[in-house]
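Please keep the sequence and the structure at hand while reading.

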Amino acid sequence: MREYKNYIRRKVIILSAAVLLLPLVLFYSLTAGPADISCSEVIRILLGFDAPENKGRIIFYARLPQAIAAILAGAGLSVAGASVQSVLRNPLCSPFTLGISGAAAFGAALTVFFAGTSISAVQQPLGGLGINFGFQLSVTAGAFLSSIAATVFILALAVRCQSKPETVILMGVALGAFYGACIMLLQYFADERQLAAIVYWSFGDTQRATWSSLLPIAVLVAVSCLYFISQCWNYNALALGEEAAASVGTPTQRVRLLTMIFASLITAVLTASLGVIGFIGLVVPHLARLIIGCDYRFVIPFSLVVGAVFLLAADTFSRVILPGRLMPVSIITAFLGAPVFLLMLTGKGRTDA
Amino acid sequence: MLEVENLSFQFGKEPVFSDISFEIPAGTIAAVLGPNGAGKTTLLRCINSILKPKSGKVRLNGASTVHLSPAETARRISYMPQRCGMTGMTVFDSVLLGRKPYFTAIVSAEDLRIVEEMLDQLSLRDKALRRLDCLSGGELQKVSLARILVQSSQLLLLDEPASSLDLKNKLEIFSLLKDFVHQRQLSVLMSIHDLNDALRFCDRLLFLKNKKLAANKTPETLTADVVETVYGIPVELHNTEKYRFIVPM
């Protein structure tokens, strides 16, 4: 059927265009920032030709890991958001719906509260707040353990209630509120240095990325994305409703549970290592559906690419908006995301999950 | 041929129906009838293994359907729920989902051809690229029917398949279904409220009442007192040359 084939071809073209956009934004991202590095210098550095050593170090140890962190986080959070919106059949869902990011923030705050001063006392402080590598690592570990505990807890509850979408969403809301209260309690008793460290941590920031921290993120995002992509037809089936999906052979409970497991793991690892980068997991899937339609064969890969481009662009923007300062990207995502989202919703598009 | 033997189901401790047994030979359309809440939909879901029956057996062409994987079940049994999700998916993709039990990721040219033919047969071709959420209730029912027909299964379970169709579409759809059933020797079980539709289009009438199978009749053997017992109102049965019909008094 020619019309259908043309329709599919149009979507493939849009997807390919988005894929081509990524290296362009990546290249621009490497040239942008307080240190003045020109395009030709970036090319020379990337190709291994001799260039000023300090500029090479900035590219390889600051800008490139930061850009890759933005790509991985953007892709991971967006694709997880699209999948969770599909299996929980709710357009308001995001990877944070299950309360995992709250748990990570709580784990970080708890580590700061109990270990913050003692660790920073023995380590060489790097910044004004006494933030240093050992401290960073232990906070990340605390955030990760806490979010994994929350993941296990909420998924166990989900299994118990046969992963009914409404119940799982409400449990996530309850868990989020609980962790919010725990963080407030810690903040109430914390001293000024601890309070500053807790608040600093809660900013989602790609500048924390190092090559060694990127490896586990990359592996997890890759494995999860492969799973999400393999489930495209099941997500399409679920859009027709629980029973219609089951009747075309979708194991609905298993798909829902595995999707939630991968989405939670992505959230746990990304939030623990980069902080809370909000909004992207909610807004990008909607943007993707608006542009490419509701077929999950395209929504999933397109969310992945658009998420990567979006966060990379926001990250680059965060380095150039205030001359001489590097702003945490999470501030930019919400500032950019909210108006885009509102425009989308009031505009022509229907972007139901 | 579908054989249901002593099938029982309960929600928690509340039994919905118990000890239901019947057969639907190949090439037969059976209607399951009864007052609201009699368990018609639940019966269909149990046969399709969406709900797990408390006890009893379901056999299709002599083989039990209990231990089949979801995809294997979908190749043998297709189920059309009462409501279909309103999404932005296109009609074509939605019907293509009926072929999902036969492919893993890549859709074959054969699958596309089957979908295309079905859209032609149900006069849906000009709506192939429309979004589901832009269709009327009747069109949506036709799309759902198209989806379960491309599933090429031996048993069709339909939950109120014609409730949103106008008179013309209902006649078209039911005659098309009849042709399909006779050509491919399928068994069909559909829940239906309109007794006159059941009398006209179905070969067998199963009445559920008080958690039991109250009667198993053909349109020819149905009597007014069976209907009166099941629904609790007086009715009259009339015969024309071709059809029988019921008038509530």
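Helices are DSSP runs of H or I with at least four residues, numbered from the N terminus. This is a predicted model, in which local features need pLDDT of at least 70 and side-chain atom pairs count only at pLDDT 80 or more, while totals for chains, interfaces and linings use all residues. Residues are numbered from 1 along each chain as its sequence is written, and side-chain values use heavy atoms, with hydrogens and water left out.

**Nonpolar cores**
- A nonpolar core is a set of buried Ala, Val, Leu, Ile, Met, Phe, Trp, Tyr and Cys residues joined through side-chain atoms within 4.5 Å.
- The largest such core has 166 residues, and those touching the most other members include Leu88(A), Phe228(A) and Leu158(B).
- Apart from that core lies another of 26 residues, among them Leu7(B), Phe9(B), Ile20(B) and Ile47(B).
- Beyond neighbours within four places in sequence, Leu158(B) is in contact (heavy atoms within 4.5 Å) with residues including Leu44(B), Met80(B), Leu177(B) and Ser191(B).

**Helix α4 of chain B**
- The buried residues of α4(B) include Asp111(B), Leu112(B), Glu116(B) and Leu119(B).
- These buried residues of α4(B) pack against α1 (2–31) of chain A, and also against α3 (91–96), α5 (137–150) and α6 (167–184) of chain B.
- Just after α4(B), Ser123(B) adopts a positive phi of about 50 degrees.

How values were computed:
Chains are lettered from A and ligands numbered from 1 in the order in which they are written. Buried means under 20% relative accessible area, exposed over 50%, partly exposed in between (1.4 Å probe, protein chains only). Helices (H or I, at least four residues) and strands (E, at least two) are DSSP runs, numbered from the N terminus.
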